[in-house]
Amino acid sequence: MSPLIQRTITFVKDQLQGAEAGHDWFHIERVWKLSKKIAQSENCNLEVVELSALLHDIADSKFHDGDENLALKISRDFLENQNVSPEIIEQTLFIIKNISFKNRGEVRGDLPIELKIVQDADRLDAIGAIGIARTFNFGGFKNNLMYHPEIPPKLNMSKEEYKKNQGTTINHFYEKLLLLKDLMNTRKGKDLAEERHQFMLGFLEEFYKEWNVE
Ligand code: ADP
Ligand code: NI
């Protein structure tokens, strides 16, 4: 491992001390490993992939009063201090800025392959067994309801139905997790997403069955 990546790991671990369990160092480590795995089948700049995977959640705006620029500033300061070339810094910051599900669709034209890779890795960690665990952890952190039985959520809910279900952890599956499989960018990402998606469908089926004491 290069000294730069080693120093980035140390920096990120330190920054994320005390982070919510779904957005902590172990999330970063999984995304970093998944990114490297996906990168094996793609022609890309591996240094940019690794740096952006490691820095992508350094200061998530959800936990910093919606300040989206903080992560960029912290990352830029760090990379400049490490004497990383301006070109690599710009590529890395572009990825950190545009990786998020919330901001999807804001970039025009073709995405750089390095962004596609890290975005797939981040999305893979949002689905499957880990995705389920992270989502319930986040919901608990926010003291949200797990589920509300009045209107069972489903894909393509009407606005009214959606409003009623908003805020429950189960609803997050329908507003995000179940949509990710079809948003994967890379071949490898799509393959890995398929199994995780099926696992979530099985989980939901079992959840409703147990909830309804069938
Ligand atoms: P992005 O940064 O890609 O827009 P988020 O940071 O909002 O995505 O989401 C990352 C993860 O945090 C989700 O995959 C989920 O596990 C959890 N999460 C975010 N919002 C919610 C929510 N409203 N309820 C439950 N979990 C959530
Ligand atoms: Ni992330």
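Modeller: Before we start, a salt bridge here is a side-chain nitrogen of Lys or Arg within 4 Å of a carboxyl oxygen of Asp or Glu. This is a predicted model, where local features need pLDDT of at least 70, side-chain atom pairs count only at pLDDT 80 or more, and totals for chains, interfaces and linings use all residues. Residues are numbered from 1 along each chain as its sequence is written, and side-chain values use heavy atoms, with hydrogens and water left out.

Colleague: Which residue does Arg30 pair with?

Modeller: Asp125, with the closest N and O atoms 2.6 Å apart. The two sit 95 residues apart, Asp125 in the loop between α6 (113–124) and α7 (128–141) and Arg30 in helix α2 (residues 25–39). Helices are DSSP runs (H or I, at least four residues), numbered from the N terminus.

Colleague: Is Asp125 buried or exposed?

Modeller: Buried, at 1% relative accessible area. Buried means under 20%, exposed over 50%, partly exposed in between (1.4 Å probe, protein chains only). Arg30 is partly exposed at 25%.

Colleague: What else forms a salt bridge with Asp125?

Modeller: Arg134, with closest N and O atoms 3.7 Å apart. Arg134 is buried, at 13%. Through shared partners, Arg30, Asp125 and Arg134 join into one network.

Notes: Chains lettered and ligands numbered in written order.
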